[in-house]
Amino acid sequence: MLMNLFKFKGGVKPPTNKTQSVTLPIAVAPIPSRLVVPLHQSIGGTPRPVVQAGDQVLKGQLIGEADGWISAAIHAPTSGTVVEVAMHVQPHPSGLDAMCVVIAPDGRDEWIAHQPFDYANAAPEAVREYLQQSGVVGLGGAVFPTHGKLTPSKTVPMEELVINGAECEPFITCDDLLMRERAEEVVRGIGIFRDLLQPKKVLIGIEDNKPEAAAAMRAAVDALGEPFSVIQVPTLYPAGGAKQLIRVLTGKEVPAAKRSTDLGVQCFNVATAYTAWRAISHGEPVVSRLVTVTGNVHAPRNYEVLIGTPMDELLQLATPHPDTDGIIMGGPMMGFLVPDRQVPVIKATNCLIAHDDRLFPPKPPEMPCIRCGSCAQACPHELQPFEMYWFSRAKNFGKTQEYHIFDCIECGCCSFVCPSRIPLVQYFRFAKSEIWAREREKNAADGAKTRFEFKQVREEREKAEKAEKLAKAAAAQAAKKAAEAAAAAAAGEPVAEGAAAVEPVAPEATPVPVAVDPEKAAKMATIQAAMERAKAQREAAQPKNTEALKATQQKEIDEIEARRQAAHLTEATPAAPAGEKTE
Amino acid sequence: MMFAPAPYLLKDVSVSQVMTQVCIALVPGIVAYAWLIGPAILVQLVIASLAALAAESVMLKIRGKPQAMFLSDGSAVVTAWLIALTFPPLAPWWLVALGTVFAIVVAKHLYGGLGQNPFNPAMVAFAVCIVAFPALMSQWPSVGLRMPLVDQLNIILGLAPRVDALSGATPLDALKTALKLGDSSVDVAQLLANQDIFGNFAGRGWEWVAGGYLLGGLWLWYRKLITWHVPVAFIGALAVLSGALWLYDPARFASPLFHLFSGGAMIGAFFIATDPVSGCTTPRGKLIFGAGAGLLAYIIRVFGGYPDGVAFAVLLMNLSAPLIDLLTQPPIFGMKDKA
């Protein structure tokens, strides 16, 4: 099918280094000596462990329960014994530990009883929940829980479903091999996404350096009679970034502040579609994934690897050369050197690259920026990296945000082209984390301030209420006295004067301190409001005492009220506005 | 090594590669210069280069910066070459050296060194020298002189007296004088017909030097070291303004072709106004910067008191570059409809 492709600005063409790892078919990696399965393997809540040390588990058995809607379940990758549920170092640049379930495999690889999901008779809601229970997450690297992206927007019609088979990072070929060997299951998985989202079009984007994968996908689409378009997009890093692929295939640009669904587009990786189909059609949760093992190794290849496999054991399968001095997880543009070779393969692990100085020469020393603008021309988000660098370096983080630092996808194009070899992306990560840290600090401080102020307001209010109570009592006393006096003596002036002397207690008793600063003023306003409410309540409550009055009593009261009013002892009631006017 | 961040692949580029390519791009112009004006320019290039490297080395030492890394980056040599090529070809050696040292010490390192200078160092040197030594900076040899290399060297090194023949007016000067005189009997077209001074269309010999710069500049663009914005805007603005005045009164104003191939117009458009450190960086900013420099260069060279206006035009635009950049930030990915 012919269609117009769009272009995104910028991008770079690093050497692809993909041919090494595509010569051999996918191999199944053997069960390792032990599996370390981190519980937190997706964006969102950390799953709660549901097993403990000593438990026997079967392959596919739930070991971590999804926590909240944006979270996905975790399963035992093989059968065996839970050794411990403990903190272990993670495949993350921070090198921090996180909670993991450690399993000693029994070698039998025995599946838990499982069956296909009754997809034909299931409501969309049930399908989404089933995918969550099966631990299906985005395998392109972002590991966002897939079910969370499968609810169509109520306001924006879903126009295009974009399936990402671009795989633009150098060295990585796992999606390529998946499409070559398992295209039919990928296409069936895409069918499920299509059913749930009901898009007008389904566009499968594959970089044009993978003709075999594109041909296999086309054949599968035709064989299944699906109306999907398989489109070869120009090989240009980062064409496999979700926003870039959406741009190339639909012409739509998704800014950082929006979701693609706001523009009627949703995007999934091909491997995600594959796992979704395995879950639906076989009842198999995500316990393994394809991983490219390449770089400074004797036999680069793609392996189907159990989640939790220590990276070092996996790397040995490809026989690394002795001068290997590290493992890069992911591609050379956006990946990172793992902090420990024993860290496990996780759902986000698409590639392991054995690192050495021949493949990746040490970076020459950093020079000053000469503002040549190469970075701006390479940036796929059309940012001005050298300006952001300048302000990041100066720790002027407000300015970095003015230059849209949060639109940076950290693709590394700017660092790649910089003649001064400035690690620009590193500066931007630093700036972002500083901004986040400051935001957190500010929120914490704001929280503390709010709590403190609330406490103060509460204390003030209690004090005010107390004073009010006293004033009320005093006023009642005074009113009673006045009433008694009025009733006893026939409107004697001296008594009225005496009553008048008592009466002002009420307004004085309600403390109205002079506001000295805005904060205090705000507090006072709150107190005033509280008092007003109390007063209103009081007034609403008052009539109750005088509801069931006899005519004579009412008359008596009216007379007293009239006299008090005449003597200016009480405020004019709305019933007698004339009195007010005369004053 | 373990903490080295991505990307692990880097393009094979460096500052010294960039600077080397700028120097290579200057070669066609230099060849034409040496051939048509005199080989003494090669000596001037050497003098300027040595002065620049010496000044750079001293400043790096004072500032505690690594010598090898910065001396080999090539930026000082580019500055030196631009100075040698824009100064009069038979300027005394000490004038070239002084201008170069001033450029490196004051215009570059006192502002913070590589990448930090707000003004183009070569143009600062030109401006300072033309203000301080107006006579020496205005002595351009008559092209027809055909002086042997030894004589040229003697003049540069101060071993021979600076003869009057040196102070022949440049084509630009000749025209300006005519304009200033307001002498209606002098017709520009008649003046230009004098091929001894004006060559075929813009100054005997010099027009081919400018052609060499044009060639080198196009190569820089082809190699993606510069974008088209600044040269096109510079040349366009210069051509439009000179063209308009030429059409208005061809007897008093020279043609756009003359202006484009005279003085520092071509080297300015491709090698000086394109300096990224002191120029604009946004696409629209580059257009404004180039056009502003082109317009100012014309105004100063035609109506001002100096032999050429490119240096002052570029310096004035350098001054405005940060503001222009601030006001011309392009819309980013996904925000174009808003902008």
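**Helix packing, domains and chains**

Mentor: In chain B, H6(B) passes H17(B) in a left-handed crossing, left-handed here being a near helix turned anticlockwise from the far one by less than a right angle, and right-handed if clockwise. The model is a predicted one, in which local features need pLDDT of at least 70 and side-chain atom pairs count only at pLDDT 80 or more, while totals for chains, interfaces and linings use all residues. Residues are numbered from 1 along each chain as its sequence is written, and chains are lettered from A and ligands numbered from 1 in the order in which they are written.

Trainee: Are H6(B) and H17(B) parallel or oblique to each other?

Mentor: Helices here are DSSP runs of H or I with at least four residues, strands are runs of E with at least two, and both are numbered from the N terminus. The axes of H6(B) and H17(B), the latter spanning residues 310-327, lie 9 Å apart at an angle of about 125 degrees, with axes fitted to C-alpha atoms over the stretch in contact and angles running from 0 to 180 degrees between N-to-C directions. Angles under 35 degrees count as roughly parallel, over 145 as roughly antiparallel, 65 to 115 as roughly perpendicular and the rest as oblique. The two helices, H6(B) and H17(B), are therefore oblique.

Trainee: How many nonpolar residues does the contact of H6(B) with H17(B) have?

Mentor: From H6(B) come B:Met123, B:Val124, B:Phe126 and B:Ala127, which meet B:Ala311, B:Phe312, B:Val314 and B:Leu315 of H17(B), contact requiring C-beta atoms, placed from the backbone, within 7 Å. Ala, Val, Leu, Ile, Met, Phe, Trp, Tyr, Cys and Pro count as nonpolar, Asp, Glu, Lys and Arg as charged, and the others, Gly among them, as polar. The contact of H6(B) with H17(B) has no polar and no charged residues, and its nonpolar residues number eight.

Trainee: Which helix supplies the largest share of the side of domain 1 of chain B that touches domain 2 of chain B?

Mentor: An automatic or database assignment sets the domain bounds, giving domain 1 (15-168) and domain 2 (173-325) in chain B. Between them, 30 residues of domain 1 of chain B are in contact with 29 residues of domain 2 of chain B. The largest share of the domain 1 side, twelve residues, comes from H1(B).

Trainee: How many residues does chain A bring to its contact with chain B?

Mentor: Chain B gives 30 residues to this contact, and chain A gives 42.

Conventions:
Two residues are in contact if their C-beta atoms, placed from the backbone, lie within 7 Å.
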